Amino acid sequence: MTDKSDITLTINGKAHAIRVEARRTLADAIREECGQTGTHIGCEHGVCGACTVLVNGEPVRSCLMFAQQADGKQIRTVEGLARGDEMHVMQRAFMENHGLQCGFCTPGFLMLAVGVLERELDISDHDLVDVLSSNLCRCTGYQNIIKAVRAAAIEMRQS
Amino acid sequence: MTVHAKTEHTKGSGTTWVGRSIRRLEDPALVSGRGRFTADLPAAHWVRFVRSHVAAGTIDSIDAPDGIGMVTASDLKGLKPIKPMLSKFNYVPIGQPILADSVVRFTGECIAAVYAPSKDQAEDFADEVNVAITETMPLTDARVALADDAPRVHAGTQHNVIVEGHIATPKFEDAWVSADRIVRVEARSRRQNATPMEARAGHAVYDPLTERVTLTCTTQMPHLTRTAVCDILGIPESELRVIAPDVGGGFGQKMSLAPEYVLLVWLARHLRSSVAWTEDRRENLIASFHSRDQYVELEGAFDGNGKLLALRGDIVANIGAYSCFPTTCGVEPLMALAELPGPYDVRAYDCRSRGVMTNTCPMAPYRGVSRPVITFVLERLMDKAAGAFGIEPTELRRRNLIDTFPYTSATGLVFDDGTYRETMEMAIKAIGLGAFRKRQEAARLQGRYLGIGFATFSERTGYGSPAFAARGMEITPGFETVILTVDPSGFVEARIGSSPHGQGLRTSLAQIIADEIGVDPQFIKVVHGDTDRSPYGWGTFASRSLVLSGGASLMAAQKIRAKLLKMASHLLEASPEDIKLEAGAAHVIGTDRSVTIASMARAAYHQTHIFKGEIEPGLSENATYDPSGTFSNACHVAVVDVDIETGNVTLEKFLVAEDAGLIINPMIADGQVHGGVAQGIGNALLEEIIYDETGNIMTSTLADFLPPTAREIPEIELHHIETLTGNTITKAKGLGEGGAIGAPAAVISAINDALKPFDVSIDEMPATPQRIRAALRNSGKLP
Ligand code: FES
Ligand code: FES
C-alpha cells in the first residue's frame, strides 16, 4: 500500500503538487496534504455529506473519491467561496438566516447548495429540499438551512 | 414562523441589544472554512485504538508484530481508573480502566492503542494487533440482567443494579384506593446515540520548554476534563492545559470523560511529542456514549373526573458497562425518578428507579436527559386516560396541569412561575384542534389516517451547585464565573468558564454585556474553552449556559458599568445619575459633553493619578453566579399521516408553544428549538442502536443508524410566551433541551391518535415502520 504517485490537485485555482498513496481519499488529501481544513469529515462512508466539494462543478463526497481520481481536475472548497473580503451570496444567506449552529456540516451544505444552483438555478423549492436531504445536520433541524438556500437562490436568480 | 406573544424588555428605550435577532458573531469564520476543529491540528503521531470485538470475555493475549508502537493496560500501571462517585442511593462505585485490563465488558471497549506517523499507518498497525479473548455470555438487556441467575457485569453488585432510588409519599395507598380508575402503560425507549456531526477527537502536545501538555479535544467541559485527566494521571492541574476549540455539536455525548483523552495525554508525556486521535463514525456509534435505553411501567390512579390522584412507577435504565464521569450513570434513572410527575399536579407518588449494568456501551446524558423518555411515558398515560374517560387528550391535561405557583411537587421540586396551561391553550388554538378533528374524520372515511398529538412538559434549567449537591454527586457542578475586562486599548473581553459548541453563546452574552456598558456587541470578544484563558467553570449542558454565564456576565458588566460611571463623573464633572453609557462613550444627558470608554480605559491603567485615589486602578471585574434554578415549559403538537400499508409516518406539521423566560436573541432561541425538535423527531421515528444477542452492534454506520434528513423534518411553527422569572437575574430560563424533550412524546401520541380505529397502542420509541406494521397486523383490524 505504500506506492505513491505524484498528482496535482487544483483547489480554488491554486495547484498543489502532492504525492499520495492510491488509497488516499480526496477528503484526506485536501485536508492533510493541501492544508485546506475547511472541508470536514463526518462519516467517511458517504452518508453525511460534510465532505462535499465541487469537482469540475459537480458536488461530490470527497470521502468517496480517491485523490488520484481528482488529478488535474478543478476542485472548489469552502475556502474558495468568498471573493477576498466579500462573502458569497450563499455564505451571507446562511449567516442571515441562522443556517448554522456548530458549523461543522456547514461547508458541505454550502458547497452542495452552490453546486446545485450553479447548474440548475431554476430548481423548484421542492426539489431543493430533496437535494438538501442528501447532507446531514444535527444542530439546525434543517429549517433555517432550507430558508437560507432559498433566499440565496432568489438573489442568485436576480443577479 | 415565529410569533412572539409578549416581549417586554425592561430598559425602556426599545433599543436594547437583548431581545434582538442580531447575526451571530461566530458565523463569519465558520462559513469561510476558518473554523478551528480538533481534527484540523497536525501531529507527529496518529493514534488508533484497538477495540474489543466481543461484548464480554477475558483477554488471553495481545500480540503485535515487532516495531509497532503499542500501549496496553500493562504499560499504564499506577493509573487510576475513571471512578465517578455518588454518595447516595445504594450507589456501587465501579472503576473503568483506561485500557481494558484482562476483562472486556462491551463491544468497542479500548484494549490497546497503537501509534504511527500517519493515520493510515496507524490503521494498518491496529489491524496487525492480535487480541485473543475467551468469550463469555453477554448481557444486553437490562431486564434480563436483573434476573437472579444472570451473570454479573462487575462483581459486587446485586442483580447488576449499580444505583437505585425510591420515592414514596406518605398516605400513598389511601390515595390509590380512593381512585375510580387505574390506567396503566408499559413503555420502552430504545437505545440511541447523540450523533454529533463531528465525532470525538483529541490532540495532545507536550511542550519541552514548560513540560506541560496541551490537550485539545471535543469536550463540553474543558475544566473538568483537566481535573479528571490530572487526577487519573496523578499530576498537578498546572501541568495540563485543555482547549475545546470549535466543537461540532455535543448534545451531551461530549460531556462525559472519554478514556481515550487520558491515554492521549499519557502518551504525549511518554513520547514527549504530539499525538492525535480522530474518532471514526463507527467508533462513535459503537463506543461513544449511548443513551435513552429505559423501560418504564407507570400506573395512574384517577378520580371520576379524570383528576390524577396518584402515580406509581418502576423505571429500569440500561446504563451499560461503566458509569460515566462526572454525572455518573445515576443521571438518567435518578432524574427520571425525581421529575417523572412533570407538569402535572399529583400529590401521591410511589416510584422505584434502578440503573442496571449490562455488556453494552456506557450510557451518558443526551439532550434532554431522561425527560424525553419520561415525558413520552407520562404523555402516553395521559392519552390512555383520556381514552378511558372518552374525552379529548387536551381536556384531560387541562384538568391536571399545574397552575398555581410556586408549586412544590410530590418529589420536592419547587416550580417557579410557568405557563403550563397557557402554552397548551395557545397550541390548541394555533393548530386549530376543532378543525383538525373534522379533517381527520373525513380523511378516515377515505382510508387516510391522520393523527394529532400533544405533549406538555417542564424542563428544569439553569440550576447551580445546590441542585447537583442534592443528588449526592461528589463532583458538584454549578457556578459559572465571568471575568470582564476593558483593556487599555478599550477593547472588551469576557472570559467565561462555560464552553459552548454551537449554541451562539458568544453572541448572546455579548448582547447582555453590550446593554450594560454601552458598546456594540461586535466589539465584545467572548473567550471560552481554554483552561489557560478562561476561569474555572463547568461548561455547556443542561440548558444552563445562557442562564449561568449570562447571569455572571450581567453581574460583571454591572460592576464595570458602575466603575465607568464613576470615572466619567470625575472626568465630565457631572453626577453619575446624569450620565448614560451609549455607543462606546459616556454622555452627560442633555449636553454634548462626553468621553469615550476607550479613553477612560486608558486612563484606568495609565493615568490612575487623575482619579485622586478615589477609583481603583484597572478596569476588570469578575462575577460568579450560582442560582437555584428555574423551569421552562412548552407544549408540542405533532400532526402526522400514517400509511397503514407501509407503517410509514409523515409529519404534516409541528408546532411549539414555549416559555423560556426572557429571550435574549430570538433567532438563536428559535434555532435551538428547531434543532431539538428535529432530534426528538429522529428519536421518535428513526434512531435506534441495535445489539444482536451476542452483543455486537448492528447499527454501526449512518446507513443503519438514521438521523433525520431535511425531508423528514416539517416546518416548525413556534410561539413564545415570556414569563420573566425572578429566579434568574437575566430573567432568561434556558431552552437548549426542550425541543428534544417534547417532540418524541408528541409524535408518538399523534401516531397513536391516527391508529385509534385499529385499537393499537405503540408504546415504544422509535416507532419504526416495522413496529407500526407489527402492531397493525396483530390488531386483526387491517382492512
Ligand atoms: S464524510 Fe463524506 S459523506 Fe460523510
Ligand atoms: S450546524 Fe451543527 S451539524 Fe449542522
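Two strands count as paired if DSSP finds at least two bridges between them. Strands themselves are DSSP runs (E, at least two residues), and helices are runs of H or I with at least four residues, numbered from the N terminus.

Let's start with B:Gly57, which stands opposite B:Val104 in β5(B) and opposite B:Glu135 in β7(B). Strand β3 of chain B (residues 57-63) pairs with β7 (residues 130-135) in the antiparallel sense over six bridges. Two bridges also join β3(B) to β5(B) (residues 103-104), again antiparallel.

This is a predicted model, where local features need pLDDT of at least 70, side-chain atom pairs count only at pLDDT 80 or more, and totals for chains, interfaces and linings use all residues. Residues are numbered from 1 along each chain as its sequence is written, chains are lettered from A and ligands numbered from 1 in the order written, and side-chain values use heavy atoms, without hydrogens and water.

A cavity is a set of points, on a 1 Å grid over the protein atoms alone, where a 1.4 Å probe fits but cannot get out; lining residues have an atom within 4 Å of a point. Volume is the space filled by probe spheres set on the points, which are joined across faces, edges and corners. Nine cavities of 30 Å³ or more are counted.

| Cavity | Volume | Residues closest to the centre |
|---|---|---|
| Largest | About 650 Å³ | B:Gln503, B:Ser543, B:Arg544, B:Gln672, B:Gly736 |

In the largest cavity, α17(B) gives the most to the lining, with three residues.

Key: 1 Å grid on protein atoms, 1.4 Å probe; cavity = no way out; pocket = protein on both sides within 12 Å on 5 of 7 lines; lining within 4 Å.
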